[in-house]
Structure formats: C-alpha cells, structure tokens
Amino acid sequence: MLKIMEKNISTIPAICYGEILWDVLPEGPQPGGAPLNVAYHLNKLGLPAGIMSRIGDDLNGERLVSLMDNWGIDMQFLQVDTEYPTSEVLAKMNGNEVSYEIIFPVAWDFIEGDNTLPPLLTAASYFVYGSLASRNEVSRKTLLDLLCTEAIKVFDINLRPPFIGRELLQVLLEHANIVKLNQAELEMVQIIFGGPLDNEAGQVRFILDRFDVDEVIITKGEFGASYYTHERGYHLWGNEVKVADTVGSGDSFLAVFIAGHFAQRQPEIILKNAIAMGAFIATKKGGCPEYQVEEYEKFKNQMF
C-alpha cells in the first residue's frame, strides 16, 4: 500500500484539484495533468502548492508519489484507490501540437470528499480546478462541495469534449473568481451561452457579467495573452520561439500568473512573466520539465 506524506495545510497557499496522470508520448511517458503541472511550477517558483487527486495502488502511482515528493508538492490530499488504476493518457503529436485519448475510468474519477475538507481549504489562498475532473459523478460531487471554500477560485476551463456539458460548465463558471481560457475556448463559451461573437472585449465582458467572475485571462500562444478585470484590460504580445512541444505551456503560464497575483504584482508585470514562462516551457519537452528559475529569468529578459 502506498504511503502518502502529511503536511500542515496552513503552509499551503494553493491547492490544485483534479487529474494527475502519465502522458504516454512517443518518446516515453511523462508526468502530467493540468493540476499537477500547475502545482509543479508553483513550487518551482517558491509558492508552496498541494495536489488533491487520486492515484491507483500501483507502480505508476508509486512513481508519481516519488516525483511529487522530490518536487516538494504537498500530498496530504492525495488519495489511493485499490480498485481503479493510476491514469494514463495517450498523447498523439501532430507537429508541435498534441491531442489526447483520455482513458476512462481511472483513479482520479473517484476523488472522495468529506465534511472536513472545505473548512481545511479555507487556509489556502487559491483553489485551482478545471472541467475534466468533473467527468465522473464522484469527483464532480467532491469538486462542487469544495467550491464553497473562501479561497480565490481559479477555473482553468480546459474543455475536453465530450466530458463537459452546458449545465455543469455554467456551475463551474459561476463559482469562479478567476477564469483562464484560450481563444478557442473563449469562442466556445460564447456559442454555448449565446454571447457575442464579434470581438474579444465584448466576449470577456459577457463572461464577467453573466457569471459574476472577477478576472479573465485569455492565452493566445505566440501572440501573447490578455488579462481583464471589470475595470480594464491588459494586453501583451508574445514572441515566436523554437517549440519542442506545447504540453503544459498553458499550465506554466497559469502558475506564474497565480504566483504574481499572490504577490500582488502589477498586472502588466504578471502578464509579462506568465507569457515568458509559457514560451519558455514550450521550448522544452513535457509539462513538468526540469529547469532552474534562473534559466527562466534569463529567457524572460531576452524575450522582452
């Protein structure tokens, strides 16, 4: 039986909820899942983060625990399942882009909750979640129960059809303080909920007002990103880089955004740092590549 280490929740500014897995890539398996990727980069940046997920009682689970232990990711909310296996995703590369075959059911489809979790999570500053972990009733119910936390709720939409429907997406949006989308997802939200299709500012205003969201982030790949509050929008172009793959690039962007938001940096600085990290990780293989923060800082200074 796997043994999970325990830590003190009061020391964890961010909790990432949902899928952790192995991306089975042509060059070999890589640890992944958006929550794990975000937690990995947050810890790299010096902002302690924990994972709330479920793995199988198997070799793949043991390997993930070993990695997370080495990376300093808090695992007190990591569960072990004796029936369902640790998740694997078959990742298929098309040039630099990646598509996924997400196997079902797996351990993270059965993340269990109890009444003690929401009060514990109030000690966290940020609660990060996506839509994919809601594909099964058990993990979906746990997530919905946890969305009552007083932490800043960060919704990285990460649409993976057919695992999300209109009703559930609406609930997840309505509970969010900060929403992150790419341009395709921004368009899809308008189509699903009847928002405008003509301009980005109008589309973002629709999300802010319709779902009572505080802040919206739009990622645009090499074209940079935009960050909106109710008061104004911030925009910054990116630069072309030599892409190794795009796995986890958006997750690293979000981690840097959260770290800057936590430190109450100026929006323009937060956006610049996040764009640089997304580009930096795109030059490397996998969602959790090994790097030093100094290497990222040097890359950022050369980029801007």
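Reply: Over the whole structure, the search returns one cavity of 30 Å³ or more. A cavity here is a set of points, on a 1 Å grid over the protein atoms alone, where a 1.4 Å probe fits but cannot get out. The largest cavity holds about 90 Å³ of space, a volume being the space filled by probe spheres set on the points, with grid points joined across faces, edges and corners. This is a predicted model, in which local features need pLDDT of at least 70 and side-chain atom pairs count only at pLDDT 80 or more, while totals for chains, interfaces and linings use all residues. Residues are numbered from 1 along each chain as its sequence is written, and side-chain values use heavy atoms, with hydrogens and water left out.

The lining of the largest cavity comprises 13 residues, a lining residue having an atom within 4 Å of a point. Nearest the centre of this cavity are Ala34, Pro35, Tyr129, Gly130 and Asn158. Helix H1 (34–44) and strand S8 (126–130) are the elements that give two or more residues to the lining; helices (H or I, at least four residues) and strands (E, at least two) are DSSP runs numbered from the N terminus. Eight of the lining residues are nonpolar, three polar and two charged, where Ala, Val, Leu, Ile, Met, Phe, Trp, Tyr, Cys and Pro count as nonpolar, Asp, Glu, Lys and Arg as charged, and the others, Gly among them, as polar.

Asn158 also has a backbone feature: its phi is near 50°, a positive value in a residue other than glycine. Asn158 sits in the loop between strand S9 (152–156) and helix H5 (166–174). Elsewhere, the peptide bond from Phe104 to Pro105 is cis, with omega near -5°, and Pro105 belongs to the loop between strand S7 (97–102) and helix H3 (117–121).

The second largest pocket has a volume of about 220 Å³; a pocket is an open set of points with protein on both sides within 12 Å along at least five of seven lines. Its lining has 15 residues, with Leu45, Val256, Ala259, Gly260 and Arg265 nearest the centre. At least two lining residues come from each of helix H8 (249–262), helix H9 (267–282) and helix H10 (293–303). By class, ten are nonpolar, two polar and three charged.

Two of these helices, H9 and H10, pack at an angle of about 110° with their axes 9 Å apart. Axes are lines fitted to C-alpha atoms, for helices over the stretch in contact, and angles run from 0 to 180 degrees between N-to-C directions. H9 is therefore roughly perpendicular to H10, a term for angles of 65 to 115 degrees. In the contact (heavy atoms within 4.5 Å), Asn273, Ile275, Ala276, Met277, Ala279 and Phe280 of H9 meet Glu295, Tyr296, Phe299, Lys300 and Met303 of H10. These residues divide into eight nonpolar, one polar and two charged.

Notes. Parallel < 35°, antiparallel > 145°, perpendicular 65-115°, else oblique.
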